[in-house]
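My entries follow the model.

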Amino acid sequence: MITINIIETRVRGFITDIQHPKQKKKININDLELQLRRIIDNYFEMNGYGFFYEAIEALQEEGVLSPIHNKQFNGKSPALPLYYWVNMKAKESKWDRLKMMRLSDTFDFSYYEAHPEYQTEEEWKRIETLYTFLQTADEREVVSIEERSLELFGHEKFLTDPELFPEGRRFLSRIGISEEELNMVKYGEPFVFWLKQGKGYNDVQRVLIVENLAFFHTAVKLLEENVLDYEPELIIYGEGTKIERSFSFFFEMFPPKNYLFYYAGDIDAAGYGILIRLIEKFPDMTIQPALKIYRKMLECIEQRNDQKSGQSANIVYRDAFFQWFTEEEQNILLKLWEEKKRIPQEVLTIETWRRWL
């Protein structure tokens with residue numbers, strides 16, 4: 001938490017210093033990050049860019065910053081537009097205190113007291129709409145967040161798309177209302193999967209998640225030939241980072257039980273991050289790297305290629321991934337990292353797999 005405050009506090013300080021009440025100002029996001037790197041000694045060790053990214057996203061959601069969409073980006077991952085407008089300071093518009101008191105049996109207005117810049121006419125209209133809905137919320141059915149967003153705020157993406165509605169994503173937290181109170185849920189994104197022939201949904205115990213499409217098809221063939229490591233009943237195509245958004249969809253389809261999830265991705269910075277974030281986001285699930293598959297990839301090290309440009313080299317994710325391997329294997333992985341080399345999952349084909357049969 002301290003790290004987040006350091007980065008976000010510095011960023012907000014820089015922006016406040018240049019924010020003008022009568023005109024927008026244009027900033028280069030790389031120049032802003034460079035200032036942070038100069039004044040924070042352990043910027044890279046603390047995963048400074050990750051916190052910097054979150055701070056910029058938060059300021060965008062709050063309407064302080066607006067991205068300039070000209071197809072120029074900052075060259076990092078996750079990427080940010082290279083240029084932003086620093087918007088004019090919001091004019092304060094005090095709400096009628098009697099009206100606030102009338103709704104205080106339902107809402108906590110302390111945030112608005114501390115941040116009067118949010119006391120706008122548009123925000124008050126949303127609060128009144130929300131208040132009316134909550135009077136009969138117990139009688140309503142559970143619907144998707146997009147459906148409820150359209151009903152209450154006039155657009156299905158108001159609560160989910162910070163680019164279209166930077167003020168919308170944090171509206172519920174400002175007024176102190178949860179998604180559950182609005183009888184709405186965020187459904188997981190569907191994913192492509194393969195169920196082993198002859199198996200039903202209730203038979204699934206071991207699940208293999210693979211990062212790339214080519215190896216997904218290879219893994220399906222190996223599964224049906226009964227030569228795939230771990231003998232999973234189900235294979236999921238993770239589609240890169242999409243699995244971080246779609247993984248919850250699994251629990252909407254399959255019965256609740258203690259599953260064993262194996263993950264196999266590219267041996268590179270992005271692949272490490274996907275696995276470790278999955279483990280962190282779903283701590284109650286048993287998720288681990290498919291070590292047998294990664295070790296086969298390490299045997300194909302002669303097919304290594306250059307690290308993809310723009311990938312965020314997160315040392316925390318790297319070390320968390322490395323700890324699953326032996327000391328000898330960690331030395332090989334570290335050398336690949338230092339040489340900025342990677343081993344793509346596509347080294348595992350039907351033909352190369354035969355060497356292990």
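I took two strands as paired if DSSP finds at least two bridges between them. Strands (E, at least two residues) and helices (H or I, at least four residues) are DSSP runs, numbered from the N terminus. The model is predicted, so I kept in mind that local features need pLDDT of at least 70 and side-chain atom pairs 80 or more, while totals for chains, interfaces and linings use all residues. Residues are numbered from 1 along each chain as its sequence is written, and side-chain values use heavy atoms, without hydrogens and water.

Sheet. I looked up isoleucine 209 and found its bridge partner in β8, isoleucine 236. β7 and β8 pair in the parallel sense over 4 bridges. The open sheet holds 5 strands in the order β6-β8-β7-β9-β10, with mixed pairing. β6 (192-195) and β10 (286-289) are at the edges with a single partner strand each, so one side of each has no neighbour in the sheet.

Cores. I counted as a nonpolar core a set of buried (under 20% relative accessible area, 1.4 Å probe, protein chains only) Ala, Val, Leu, Ile, Met, Phe, Trp, Tyr and Cys residues joined through side-chain atoms within 4.5 Å. The largest has 56 residues, and Phe250, Ile267, Ile293 and Phe321 have the most contacts inside it. A second, separate core of 26 residues includes Tyr112 and Phe158.

Helix α2. I noted Ile29, Leu32, Glu33 and Leu36 as buried in α2 (residues 29-39). Down the axis of α2, the buried residues fall within an arc of 95° (directions from the helix axis to the C-beta atoms), so they line one face of the helix.

Conventions: Buried means under 20% relative accessible area, exposed over 50%, partly exposed in between (1.4 Å probe, protein chains only).
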